[in-house]
Amino acid sequence: MAVQKLPLAKALNESLRKALETDPKVLIMGEDVGKLGGVFRITDGLQKDFGEDRVIDTPLAESGIVGTAIGLALRGYRPVVEIQFDGFVFPAYDQIVTQLAKMHARALGKIKLPVVVRIPYGGGIGAVEHHSESPEALFAHVAGLKVVSPSNASDGYWMLQQAIQSDDPVIFFEPKRRYWDKGEVDTEAIPGPLHTARVAREGADLTLAAYGPMVKVCLEAAAAAQEEGKSVEVVDLRSMSPIDFDTLQTSVEKTRRLVVVHEAPVFYGSGAEIAARITERCFYHLEAPVLRVGGFHAPYPPARLEEEYLPGLDRVLDAVDRSLAY
């Protein structure tokens, strides 16, 4: 059956299964990815079907996991590394930014490191400290890494396969609070390019740009704005490095207003780069300054307060109103 309705988590599982079936050089590595199937069950059943040599339970050592993946990539494999939670990636940050991101340039293009680092990220699941971070800007800032995030099941299925097929290292951020959101997945479709943005909803008065977990919030905000007679376009960026500025520019030249939304803190967030670039590109089209909506510049709070921290419908609609008021 080509078209199925799947939750994002199952779509990612099917994508990994397809990659393992298609290429014997694909390996999966991480903490509890084998017998347990991962804490979110993204790798459920894969070790049983493909064996312990291809779906590998590792020690609790993120730096060692990524370092081993780099060595395997040098030997011709395509490792897919799972970092169990976003806040656990930092012991591996040195390996990622000084080795994984740099090796291709260091070797003058003679060495490729086709490694995918999967990271469940973001809040909204009532977790404890270090389990709800949004560190994507820290990786997007590093030359040599591609950084992407799907917002729905179809993109999860196809973007993960494209990341695995890429000869460049890809940091693949998975919005964990969307794991259980269902969507149609056509497993026989021809996907668009990995780093191309998608217009998720057409509009004429203002553009909302988002990625990962916040795309759903922006779609809900656009629907609410429509009830008040405001036509809001939603662009799902899908990729944070590189960013498809051409698609975004086309949208902003039409709507003349832009609000960028992400779960990560606004301060030095990816929205700052987008705002600067679009201001440069669309200066004579803009009728309002580019606004940003995101988390606060503070440590992620305890679970009982996270709904106050996370940018929700009201904060997005407030930014829409402020932009349209100019």
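User: How is the expected span of a helix defined?

Analyst: The expected span of a helix is 1.5 Å times one less than its number of residues. In this predicted model, helix 7 covers residues 153-165, which gives 13 residues. From first to last C-alpha, helix 7 reaches 19 Å, close to the 18 Å expected.

User: How many of the residues of helix 7 are buried?

Analyst: The term buried applies under 20% relative accessible area. Helix 7 is mostly covered, with 11 of its 13 residues buried.

User: Which residue caps the N-terminal end of helix 7?

Analyst: A polar contact is a pair of N or O atoms within 3.5 Å. Here the cap is asparagine 152: one of its side-chain oxygens lies 3.2 Å from the backbone nitrogen of serine 154.

User: With which residues is alanine 11 in contact, leaving aside its neighbours within four places in sequence?

Analyst: Contact requires heavy atoms within 4.5 Å. Alanine 11 is placed in helix 1, residues 8-22, and is in contact with Leu6, Ala153, Tyr157 and Val185. As for distance in space, alanine 11 and alanine 61 are 50 residues apart in sequence and 27 Å apart, C-alpha to C-alpha.

User: Where does UniProt place the domain feature, and what is the secondary structure there?

Analyst: The unreviewed UniProt entry places "domain: Transketolase-like pyrimidine-binding" at residues 6-181. Over that range the chain is 36% helix and 17% strand. The end C-alpha atoms of the range are 8 Å apart.

User: How many disulfides does a search of the whole structure find?

Analyst: The criterion is a pair of cysteine sulfur atoms within 2.5 Å. The search finds zero disulfides. For cysteine 218, the nearest cysteine sulfur belongs to cysteine 282 and is 18 Å away. Cysteine 282, likewise, is in no disulfide, and its nearest cysteine sulfur is that of cysteine 218.

User: Are these two cysteines buried or exposed?

Analyst: Cysteine 218 counts as buried because its relative accessibility is 0%. Cysteine 282 also counts as buried, at 0% relative accessibility.

User: How many aromatic pairs are found, and why is the pair of tyrosine 93 and phenylalanine 139 called edge-to-face?

Analyst: Rings pair if their centres lie within 6.5 Å, and planes over 60 degrees apart count as edge-to-face. The whole structure holds 13 aromatic pairs. For tyrosine 93 and phenylalanine 139, the ring centres are 5.3 Å apart and the planes are at 75 degrees, so the pair is edge-to-face. This pair links distant parts of the chain, with tyrosine 93 in helix 4 and phenylalanine 139 in helix 6, 46 residues apart. Tyrosine 93 is partly exposed at 25% relative accessibility, whereas phenylalanine 139 is buried at 0%.

User: What geometry does the pair of phenylalanine 296 and tyrosine 309 have, and where do its members lie?

Analyst: This pair is edge-to-face, at 6.0 Å centre to centre with 75 degrees between the planes. Phenylalanine 296 lies in the loop between strand 14 and helix 11, and tyrosine 309 lies in helix 11, so the pair ties together parts 13 residues apart in sequence. Phenylalanine 296 is partly exposed, with a relative accessible area of 44%, while tyrosine 309 is buried at 7%.

User: Which residues form one aromatic cluster?

Analyst: The cluster is formed by Phe40, Phe85, Phe88, Tyr179 and Trp180.

Technical notes
Residues numbered from 1 in each chain as written. Predicted model: local features only at pLDDT ≥ 70, side-chain atom pairs only at ≥ 80, totals over all residues. Heavy atoms only, no water. UniProt positions renumbered as here; feature names shortened; annotations may be inferred. Helix = DSSP H or I, 4+ residues; strand = E, 2+ residues; numbered from the N terminus. Buried < 20%, exposed > 50% of the residue type's maximum accessible area, 1.4 Å probe, protein only. Polar contact = N/O pair within 3.5 Å; in protein donor to acceptor, adjacent residues only side chain to side chain. Phe/Tyr/Trp six-rings, centres within 6.5 Å; stacked < 30°, edge-to-face > 60°.
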